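Take a look at the picture first, then work through the points below.

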Amino acid sequence: MTLVGILGAGQLGRMLALAGYPLGLRFRLLDPAPDAPAGHMAEQVAAGYDDAAALARFAEGLHAITYEFENVPVAAARQLERRAPVYPPPLALELAQDRLAEKRFFRDLGVGTPPFAQVDSRDDLAAALARIGLPAVLKTRRLGYDGKGQLVLRSRADVEPAWAALGGAPLILEGFVPFERELSILAARGRDGRTACYPLIENHHRDGMLRLSLAPAPGLTPALQAAAERIVTLALDALGYVGVLAIELFQIGGLGTWDGGLADQPPSPKPQAPSLMVNEMAPRVHNSGHWTIEGAETSQFEQHLRAILGLPLGSAAPRGCSAMVNLIGALPEPAAVLAVPGAHLHLYGKAPRAGRKLGHITIRADAPPQLAERLAQVQRLLPAS
Ligand code: AMP
């Protein structure tokens, strides 16, 4: 029996385990929270990631180790590498934990990023502003997520308050990108170096949190998909990556019309050619890929497990079109959701709390107009959050 270790027992760990059971896999989790969402689905070592004795107990007999959130200490991942293969490689974890290292990595690959500068002092900030200009975004390099640890500087008047709030920590200043929309590309790379890319996903955020994903991204053209696949493949190969990688992108210009990504010709009216810039990467399964459970031939969770275990990757082709709605803070009536055709409810077993991701709904349809109608039905059922 193959035993897989997962660092983290949140909802991503839970969905990894759910995808792994049909393959005959077993799981062991390491997470400090005793009531973590995946905790009652598999054996859990409830301890901190820097607890050497707990890491040793966790690693006992594991065939492969992975992680489900990116703030796992890199030192712990490297320590575990001596016990069993750790995928994705800890180098990816290290880059994803530092926005500056991450942006340099993509720049060095020749991939577009917002203009950026390292900011460790007030003088650095002045120099960075002189080079990049306003508007700009000042971000902490580490431990930022869901829009936390960052402030938009629209005018000179925003500079001092932003410095007062964030100054002292290692920072990065980025040019503010007037993007058309936010997209993500998810891809997997197997131990044999083969890759499989999902269609681009369109993401909508509010208050820094993902609310809605549409897949394939409306108006997706083969050229845009190819541009995103080029970016993710460069990153996967450069890192010798194994597992699922998500890259969040900004699309600049060229917004097409909704065609569910199924058109093999450019949308009309003909848009200006779009370009893509990398915002950040997540070396793990990703919230914007939850639709793949019902909406793709192989879910991102199964794909990740296949990759890290050296199994053949599955097809990443979509089944029709999908929308994924995050359930944040409060839950709708489950029976009402399940009454909507094509709707699939996923609850993570977490106690409701403002701003907390409690679950998601995937809505699947054969064609975009049907999807739009079903999505509207689901959205009417959502409590205000
Ligand atoms: P992040 O935590 O870096 O993913 O940023 C959270 C959100 O802030 C993104 O999803 C964007 O909507 C916005 N954002 C981040 N960086 C930039 C940027 N350089 N220009 C414009 N918007 C940004």
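Let's begin at the ligand: one of its nitrogen atoms sits 2.9 Å from a backbone N or O atom of Gly175. On its own the ligand would expose 480 Å², and the protein buries 89% of that. Keep in mind that this is a predicted model.

**Around the ligand**

- Which elements give two or more residues to the shell around the ligand? They are strand 6, strand 8, strand 13 (243-252) and strand 14 (275-282).
- There are 17 residues around the ligand, and the ones that come nearest are Arg99, Lys139, Val177, Glu182 and Glu280.
- Arg99 brings a polar side-chain atom to 2.9 Å from an oxygen atom of the ligand.
- Lys139 also has a side-chain N or O atom 2.8 Å from a ligand oxygen.
- Sort the shell by residue type and you get six nonpolar, five polar and six charged residues.

**Glu174, a charged residue tucked away**

- Glu174 belongs to strand 8.
- Is Glu174 buried or exposed? Its relative accessibility is 2%, and the cut-off for buried is under 20%, so Glu174 counts as buried.
- The side chain of Glu174 makes a polar contact of 3.1 Å with the side chain of Lys139. Remember Lys139 from the ligand: its side chain has an N or O atom 2.8 Å from a ligand oxygen.
- Leaving out residues up to four places away in sequence, Glu174 touches several others, including Pro114, Pro115, Phe116, Ile132 and Asn279.

**Helix 6**

- Helix 6 spans residues 122-132, and its buried residues are Leu125, Ala128, Leu129 and Ile132.
- Look down the axis of helix 6 and these buried residues fall within an arc of 100°, so they line one face of the helix.
- Here's the general idea behind that: an α-helix has 3.6 residues a turn, so residues three or four places apart point the same way.
- On the face turned away from the buried side, helix 6 carries the exposed residues Asp123, Ala130 and Arg131.
- What do the buried residues of helix 6 pack against? Their partners are strand 5 (116-119), strand 6 (136-140), strand 7 (150-153), helix 7 (159-166) and strand 8 (171-175).
- Just past the end of helix 6 comes Gly133, with a positive phi of about 80°.

**Helix 2**

- Helix 2 covers residues 52-59, with Ala54, Leu55, Phe58 and Ala59 buried.
- Ala53 and Arg57 are the exposed residues on the face of helix 2 turned away from its buried side.
- The cover over the buried residues of helix 2 includes strand 1 (3-7), strand 2 (26-30), strand 3 (43-45), strand 4 (64-67) and helix 3 (74-80).
- At the start of helix 2, Asp51 has a side-chain oxygen that gets to within 3.2 Å of the backbone nitrogen of Ala53.
- After helix 2 you'll find Gly61, which has a positive phi near 80°.

**Thr362**

- Find Thr362 in strand 17 (residues 357-365).
- Thr362 has 0% relative accessibility, so it counts as buried.
- Among the residues Thr362 touches, not counting those up to four places away in sequence, are His290, Trp291, Glu294, Met324 and His344.

Note on methods
Residues are numbered from 1 along each chain as its sequence is written. This is a predicted model: local features need pLDDT of at least 70, side-chain atom pairs count only at pLDDT 80 or more; totals for chains, interfaces and linings use all residues. Side-chain values use heavy atoms; hydrogens and water are left out. Buried means under 20% relative accessible area, exposed over 50%, partly exposed in between (1.4 Å probe, protein chains only). Helices (H or I, at least four residues) and strands (E, at least two) are DSSP runs, numbered from the N terminus. The arc is that of the directions from the helix axis to the C-beta atoms. Contact means heavy atoms within 4.5 Å. A residue is near a molecule or strand if one of its heavy atoms lies within 4 Å of it. A polar contact is a pair of N or O atoms within 3.5 Å; within protein, one must be able to donate a hydrogen and the other to accept it, and residues adjacent in sequence count only if both atoms are side-chain atoms. Accessible areas come from the Shrake-Rupley method with a 1.4 Å probe; for residues, only the protein chains shown count as cover. Ala, Val, Leu, Ile, Met, Phe, Trp, Tyr, Cys and Pro count as nonpolar, Asp, Glu, Lys and Arg as charged, and the others, Gly among them, as polar.
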